[in-house]
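Dear colleague,

Please find below the structure I am handing over to you, together with its sequence.

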Amino acid sequence: MESTRKQRILIIDDDSAVQVSLALLLKQSGYDTLCADDPRQALALLAQQPVDLVLQDMNFSLQTSGEEGLQLLAAIRAEYPALPVLLMTAWGSIALAVRGMQAGAANFFTKPWDNTQLAELIRTTLEAAAPAPAGSASRQALDAQFDFGGIIGEHPRLLKVLTTIGQVANTRAPVLILGESGCGKELVADAIHRNSARSGKAIVKINMGAITPTLFESEMFGHVRGAFTDAKTDRKGHVATAHEGTLFLDEIGELNRSDQVKLLRVLQDQTYQPVGASRSEKADVRVVSATNRELAELVASGEFREDLFYRLNLITIRLPPLRERRSDIPLLARHIIGEVAASYGLPSATIAPQALEWLSAQPWPGNIRQLKQTLERTLLLVGRSELRQADFVAVEQHEHGGGPGAAGARLGVDGMTLEQVERHMIAHALEQHQGNISRVAKALGLSRTALYRRLERHGLGSAPDSATDGGNLAHADGGARSGGWR
Ligand SMILES: Nc1ncnc2c1ncn2[C@@H]1O[C@H](COP(=O)(O)OP(=O)(O)OP(=O)(O)O)[C@@H](O)[C@H]1O
């Protein structure tokens, strides 16, 4: 009966040794297999019977450019868009793999492969592609099943991301979240944790770009008393704090090569050694990492270890930038304006339809974080409960040194310049959060680097050591380092 048939995997490779060893591994893992030597045979087999997953080589002749592989991938994607394809590439041909992923491959692995890792990759790829609500799930249906609180949007690309989160949250699979600065990677990490069986334990967020190399081991693994001059007491590291929970490695692309090896060791063995300790400790952590850099390209240029990359990217979630899901902007804007008004204790505000259209047409290089700031600034500077297009345009001009802008009647900030309002807001937030930089940055929707810059500009306190303040390294960087919009 069709509903009880084993899952069937098509292997496409012209090397019979590869076909045989893959078929053996797949049979041992409980799958049915089919083999094809070339694209023509592969497409004929796909037309004859249902297949659940394709493992596809990239070269089928003496040519090694991978073009044939990309053409076959395109043909499969066009005919069977829901069928996941895993590409097989030669060690070191990451650039080709990246093109394949951009063309819709679910993932890729390199030859020679590690049997255990490949079996896990196949299992999670099949799980992620499982039909049920996938692809077509509405936001309502997803919300009935999972808790995506705080992630606003209904665009098909966002729904696909939410579907994947739902499917992988409750596994141990490492997840790599890719996307531009400010597009919601941290919210996705939170949602993965919240929807997993680990939600009762901590999600520990570490900004890898903010840990100084000399402190990496002690921050991550902890230290015992006397391990070094300043080690007055034993100190638990982030890995221990995340035990049985989730470790969120933000800005993973910023990690230097020597610390990459140290991290790899924990991920491989699930053990670590606190600095100065004589014994290793066990770590049961689920790793979610994020970066706004193209990690595969860093691998190709030698800046990021290939083996660590494979440990992190079993599941890759690519978050679309806001400009690629513009239909969500009105929804986001209405939600954010409500939140912002409430956070300042202001009466609720609305956005005129024309203003929503204008907002929807902007490029938003800083994504949702930038949209949030624009809404916040405009709300504070315009003393009306309905925000119009002219208000946004005027505030933007004012921000960029233009004319007097929309600053007419304002809410509690009358007579102040935009600079003064900003200073006022930051000072207020500092007071409210007792100077905790991480919380202040979060409350203002700024990266910590952007906040430090503003603190300095307004002469508000001195910028503290980024690795120690508030004990929270999340948000230590932001778009600034990666050439973002700020
Ligand atoms: N879908 C969304 N719905 C509502 N708010 C969102 C959404 N996505 C992002 N935001 C908000 O936008 C801001 C930036 O989001 P977040 O910090 O998750 O981005 P990021 O991709 O991790 O950024 P960075 O790479 O700079 O760390 C946050 O204030 C977050 O709450």
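Helices are DSSP runs of H or I with at least four residues, and they are numbered from the N terminus. Please note that the model is a predicted one. Helix α20, in that numbering, is followed by G459, a residue with a positive phi, near 60°. Within α20, which spans residues 448–458, the buried residues are R448, T449, A450, L451, Y452 and L455.

Turning to the sheet, five strands form an open arrangement in the order β2-β1-β3-β4-β5, and their pairing is parallel. Because β2 (32–36) and β5 (107–111) each have a single partner strand, they stand at the edges, and one side of each is left without a neighbour in the sheet. From one strand to the next, the twist averages 20°. Helix α1 (residues 16–28) packs on this sheet and touches β1 (8–12), β2, β3 and β5. The direction of α1 makes about 170° with that of β2.

Strands β3 (residues 53–57) and β4 (residues 85–90) run parallel and are joined by four bridges. In this pairing, Q56 stands opposite L87 of β4.

An unreviewed UniProt entry carries the annotation "modified residue: 4-aspartylphosphate" for D57. D57 counts as buried because it has 26 C-beta neighbours inside 10 Å, the cut-off for buried being 20 or more. Leaving aside residues up to four places away in sequence, D57 touches I12, D13, D14, G69 and M88.

Yours sincerely

Key: Residues are numbered from 1 along each chain as its sequence is written. This is a predicted model: local features need pLDDT of at least 70, side-chain atom pairs count only at pLDDT 80 or more; totals for chains, interfaces and linings use all residues. A residue is buried if 20 or more other C-beta atoms lie within 10 Å of its own, exposed if 12 or fewer, and partly exposed in between; C-beta atoms are placed from the backbone. Helices (H or I, at least four residues) and strands (E, at least two) are DSSP runs, numbered from the N terminus. Two strands pair if DSSP finds at least two bridges between them. Axes are lines fitted to C-alpha atoms, for helices over the stretch in contact, and angles run from 0 to 180 degrees between N-to-C directions. Two residues are in contact if their C-beta atoms, placed from the backbone, lie within 7 Å. UniProt positions are given in the numbering used here, feature names are shortened, and annotations may be inferred rather than shown by experiment.
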